[in-house]
Amino acid sequence: MKYWLLFAGLALFVLFGALSWNYMHHHGHVVTGMDNQIVWGLPHVFAVFLIVAASGALNVASIASVFNQKMYKPLAPLSAVLALALMLGGLLVLVLDLGRSDRLIVAMTHFNFKSMFTWNVFLYSGFFGLVGIYLWTMLDRSVASYAKTAGTAAFIWRLILTTGTGSLFGFLIARELYGTSMLAPMFIILSFAYGLAIFLMVLAAAYAWSGRVLGDAVILRLKKLLAVFVAAALYFTVVYHLTNLYFAKMEGIEAFILRDGGFITLLFWFGQILIGCVIPLLILLTNLGKSRIWIMAACSLIILGGLAQMYVTIIGAQAFPLDMFPGLIENSSFADGQIHHYSPSIPELFLGLGGVAIALIATLFGVKVLRLLPASLDDVTVAKLEH
Amino acid sequence: MSDTNKTVDVPASPDRRKFVGAATAFAGVTLAPGILLMEVAHGRPEEQAASSAVRWGMLVDATKCSTGCDDCVTACSTENGWTPVESSPHKSQAPQWIRKLELQDPLTQMETNLPMMCQHCADAPCVDVCPTGASFKRADGIVLVNRHTCIGCRYCMMACPYKARSLVHESLNDTQKPDVPRGIGCVESCTLCVQKIDRGDGTTACVEACTASGHNALMFGDMNDPESEISKRLRQLPTKQVRADLNLDLGVRYHGI
């Protein structure tokens with residue numbers, strides 16, 4: 001019953017997402033908050049977040065298969081299914097936000113290999129293929145001996161994949177906040193944090209709602225890892241902005257993000273830094289982190305902070321005007337020289353949430369149909385696994 | 001005519017003879033001016049590919065560009081069929097292929113006017129990033145969007161340092177021109193009036209308008225031909241490329257910036 005209620009609830013959001021897409025597709029992007037200045041909006045925030053998190057959701061499977069930590073082996077299939085589901089949700093939002101989403105077949109048949117987008121098309125497809133094979137080796141005993149090979153391949157692939165996602169922005173010369181190789185490793189570490197946070201929440205929810213026992217040993221071990229990832233994400237963010245602050249030409253955009261950007265600045269300090277990094281670190285590294293509830297709170301804060309980070313990274317970079325004539329005041333009918341404002345529309349929000357719902361519904365379906373979770377992961381079972 | 005008749009097995013009827021004669025005359029009258037025009041204007045036949053021997057480009061003399069004049073913008077909009085931003089109901093979402101930019105030095109108060117549009121880079125970032133190859137550079141240096149393979153991903157708009165591109169945000173009304181295909185959900189920008197170039201007009205709508213207004217701030221031509229007017233002028237006049245630091249080798253050069 002619980003399963004069907006949850007399924008129905010999520011299906012409702014999938015329906016809203018589909019209706020939003022239909023509305024946007026029928027009328028064009030004129031019904032969105034996006035314009036010729038903010039060309040990538042809220043759907044991209046959700047899509048990139050989900051794609052990045054998908055890569056990170058594979059963490060636990062990688063630790064089990066690649067680094068041979070037996071304790072995590074029972075959780076590896078869930079990790080792989082969640083990774084596939086998040087990738088599916090993210091990609092759907094991405095392609096349904098295309099100006100011509102009906103031309104998806106063109107994107108699948110016409111390639112420009114100089115484009116990072118083209119490489120990402122292959123990286124995403126490869127991810128589905130490799131993680132799919134990996135999942136097969138975990139679920140079918142006749143091919144179980146290939147699990148380590150498949151797991152290693154998937155592990156390397158997802159590192160390349162997130163490098164590709166970061167490079168979607170890193171390879172852009174036009175915008176000040178982009179055009180740096182820093183974005184590739186930064187996206188990898190962000191993916192570790194977001195993916196693991198989502199995994200922990202899904203894991204705890206799956207066990208709680210199906211009445212199975214999940215011991216503290218697993219959760220407490222993983223929350224330490226989560227703290228390391230969040231600290232690393234914070235480190236990358238600090239180094240990134242410090243480097244920018246050192247360059248006079250970057251002062252304008254940095255002042256915008258860090259001080260004068262209004263909503264963007266608020267999202268950066270309160271969303272990305274405080275909610276997404278500082279508070280979760282305080283929870284995870286202190287005694288609070290021994291409680292399951294607090295760990296879950298930290299995970300949800302990391303996810304919210306992640307969405308804020310994507311918003312700042314994607315919208316913030318576009319909101320600041322391009323500096324075509326450094327030092328001069330620009331004025332035109334095309335908003336040159338002005339800060340660009342963006343108010344997301346309802347359909348954009350629901351398209352993004354639809355992607356999240358698709359990811360969760362696919363995970364739910366996977367857990368239910370594939371019976372991915374062991375009956376019990378109490379501390380005694382886990383201790384046995386380790387020896 | 002009688003000679004022709006002798007060679008034909010079945011003699012043609014007088015009616016048929018008249019018809020053939022009239023048709024030939026009609027065809028001659030119809031085609032001749034066209035062929036003559038082709039000869040005069042050196043238009044490029046359809047089957048002939050654009051040549052890399054040519055590099056179409058533009059010279060903007062910002063010292064002659066007049067404050068408040070937007071004749072180039074109006075001419076572009078009329079030629080290419082996009083709705084002028086002031087008559088568009090959704091201004092921030094309306095496509096603008098060319099726009100007037102007013103610059104001011106905050107210290108010296110010096111004001112500069114210039115039109116900004118696609119700079120037709122030799123190393124165009126929009127062409128590099130386009131996933132489907134819809135964004136492409138023609139051999140003669142014109143950067144275009146293939147309306148049939150553009151999926152509306154807007155990655156080119158993220159990549160363009162000149163904000164030269166617009167997405168068509170809504171269904172288009174019937175102002176479309178037959179030789180300027182446009183469409184909802186696709187990205188578009190200045191084409192250097194490619195339809196006029198291929199027709200052999202040898203200039204663009206904005207340049208024509210600027211010349212007609214007597215400002216003469218714009219000049220169009222083949223930058224590869226050392227004898228072309230634009231090449232001669234570019235040799236005499238100090239010009240700059242906007243964001244020259246990016247080293248994109250622009251097809252539009254500015255004087256007085």
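Trainee: In E2(B), which residue is the bridge partner of A:Asn331?

Mentor: B:Glu102 in E2(B) is the bridge partner of A:Asn331. Another pair sets A:Ser332 opposite B:Leu101 in E2(B). Keep in mind that the model is predicted: local features need pLDDT of at least 70 and side-chain atom pairs pLDDT 80 or more, while totals for chains, interfaces and linings use all residues. Residues are numbered from 1 along each chain as its sequence is written, and chains are lettered from A and ligands numbered from 1 in written order.

Trainee: How many bridges join strand E2 of chain A to E2(B)?

Mentor: Strands pair if DSSP finds at least two bridges between them. Strands (E, at least two residues) and helices (H or I, at least four) are DSSP runs, numbered from the N terminus. Here, four bridges join E2 (residues 329-332) of chain A to E2(B). These two strands run antiparallel.

Trainee: What is the order of the strands in this open sheet?

Mentor: Three strands form the sheet, in the order E2(A)-E2(B)-E3(B), with antiparallel pairing. E2 of chain A and E3 (111-117) of chain B stand at the edges. Each has a single partner strand, so one side of each is left without a neighbour in the sheet. Neighbouring strands are turned by 30° against each other on average, direction ignored.

Trainee: What lies across E2 and E3 of chain B?

Mentor: Helix H3 (residues 71-80) of chain B lies across them. H3 runs at about 165° to E2(B). Angles run from 0 to 180 degrees between N-to-C directions of axes fitted to C-alpha atoms, for helices over the stretch in contact.

Trainee: How many residues does each chain give to the contact between A and B?

Mentor: Residues are in contact if their C-beta atoms, placed from the backbone, lie within 7 Å. Chain B gives 45 residues and chain A gives 38. On the side of chain B that touches chain A, E2 (98-104), H4 (125-129), H5 (155-159) and E6 (166-167) each supply at least two residues. E2(B) provides the largest share, six residues.

Trainee: How do I read two packed helices?

Mentor: Two packed helices are described by the angle between their axes and the distance between the axes. Take H2 (residues 42-57) and H8 (residues 183-209) of chain A: their axes come within 6 Å and cross at roughly 75°. That makes H2(A) roughly perpendicular to H8(A). The scale: under 35 degrees is roughly parallel, over 145 roughly antiparallel, 65 to 115 roughly perpendicular, the rest oblique. The contact includes A:Phe49 and A:Val52 of H2(A), and A:Phe187 and A:Leu190 of H8(A).

Trainee: Is B:His120 buried or exposed?

Mentor: Count the other C-beta atoms (placed from the backbone) within 10 Å of the residue's own: 20 or more is buried, 12 or fewer exposed, in between partly exposed. B:His120 has 27, so B:His120 is buried. B:His120 lies in the loop between E3 and H4 of chain B. Its phi is near 45°, a positive value in a residue other than glycine.

Trainee: And where is B:Asn247 found?

Mentor: B:Asn247 is in the loop between H8 (229-236) and E9 (252-255) of chain B. B:Asn247 also has a positive phi, near 55°. With 12 other C-beta atoms within 10 Å, B:Asn247 is exposed.

Trainee: How much of chain B counts as buried?

Mentor: Of its 257 residues, 41% count as buried. Chain B has eight helices and nine strands. Among contacts in chain B between residues at least 6 apart in sequence, 62% join residues at least 24 apart.

Methods. Contact = placed C-beta atoms within 7 Å.
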